[in-house]
Amino acid sequence: MSLFDQLLQQAQGLDLGAVAQRVGLTPEQVAAAGRALLPQIADPNVDNHQATAEVAAQTGIDHSQLSAMVPAILEQARHLGASGGPFASVLAGLGGGATPADPNAAPAAPAAPTAAAPAAAGGESMFDRLKHAVDQDGDGNPLNDIMNKLGGH
């Protein structure tokens, strides 16, 4: 199972149609590009700019659409409660500070539902700490930093 498929399984209800509409692609293009790009992004030894360019050449999808697709997928996955596993692997590959998950490890059991994310030291949830790690320009929007890492503007 690809990293993209694992992320879809982790973020049950992820709407590829909504992601596709947001970036001007079809759901099939989002799925094909996600399967090709996300594993490369999660690999710390792969240059994200180069990987995005290669997937753009392979799929015929515009580089800017690919650059916008990844944050759209991650944002939706986060809203659906994704954390750890494939989600953390992609964030780590983007410089989010998470430790990549072992692709051979068994999927983690779903966390028990809580009213709010558990607070870490300093009163921040784990996602808040990841968001701050990715938000390199400090503007409160980590998605533009992810796009910049992928070469989008």
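Predicted model: local features only at pLDDT ≥ 70, side-chain atom pairs only at ≥ 80, totals over all residues.
Me: Starting with H4, what should its twelve residues span, and how far apart are its end C-alpha atoms?
Reply: At 1.5 Å a residue, helix H4 (residues 48-59) should span 16 Å. The end C-alpha atoms are 16 Å apart, so the two agree.

Me: Which residues of H4 are buried?
Reply: Asn48, Ala51, Thr52, Val55 and Ala56.

Me: And where do they sit, seen down the axis of H4?
Reply: The buried residues of H4 fall within an arc of 135°, so they line one face of the helix.

Me: Why do residues three or four places apart point the same way in an α-helix?
Reply: Because an α-helix has 3.6 residues a turn.

Me: What is exposed on the other side of H4?
Reply: Ala57 and Gln58 are exposed there.

Me: Which residue caps the N-terminal end of H4?
Reply: Asp47 does, with a side-chain oxygen 3.1 Å from the backbone nitrogen of His49.

Me: What about just after H4?
Reply: Gly60 follows, with a positive phi of about 80°.

Me: Changing topic. How many salt bridges does the structure hold?
Reply: Two. In one of them, the side chains of Arg35 and Asp5 meet at 2.7 Å, N to O.

Me: Which parts does that pair tie together?
Reply: Arg35 lies in helix H3 (residues 27-42) and Asp5 in helix H1 (residues 3-10), so the pair joins parts that are 30 residues apart in sequence.

Me: How does Arg35 count, buried, partly exposed or exposed?
Reply: Arg35 is partly exposed, because its relative accessibility is 39%. Asp5 also falls between the 20% and 50% cut-offs, and at 22% it counts as partly exposed.

Me: Where is the salt bridge of Glu75?
Reply: The side chain of Glu75 meets that of Arg22, at 2.6 Å, N to O. This pair links distant parts of the chain, with Glu75 in helix H5 (residues 63-79) and Arg22 in helix H2 (residues 16-23), 53 residues apart.

Me: Is Arg22 buried or exposed?
Reply: Arg22 counts as exposed, at 52% relative accessibility. Glu75 has 23% and therefore counts as partly exposed.

Me: Last one, Ile41. Which helix is Ile41 in?
Reply: Ile41 lies in helix H3.

Me: Buried or exposed?
Reply: Ile41 is buried, with a relative accessible area of 0%.

Me: What separates the C-alpha atoms of Ile41 and Leu94?
Reply: 6.7 Å, although Ile41 and Leu94 are 53 residues apart along the chain.

How values were computed:
Residues numbered from 1 in each chain as written. Heavy atoms only, no water. Helix = DSSP H or I, 4+ residues; strand = E, 2+ residues; numbered from the N terminus. Expected span 1.5 Å × (residues − 1). Buried < 20%, exposed > 50% of the residue type's maximum accessible area, 1.4 Å probe, protein only. Arc of directions from axis to C-beta. Polar contact = N/O pair within 3.5 Å; in protein donor to acceptor, adjacent residues only side chain to side chain. Salt bridge = Lys/Arg side-chain N within 4 Å of Asp/Glu carboxyl O.
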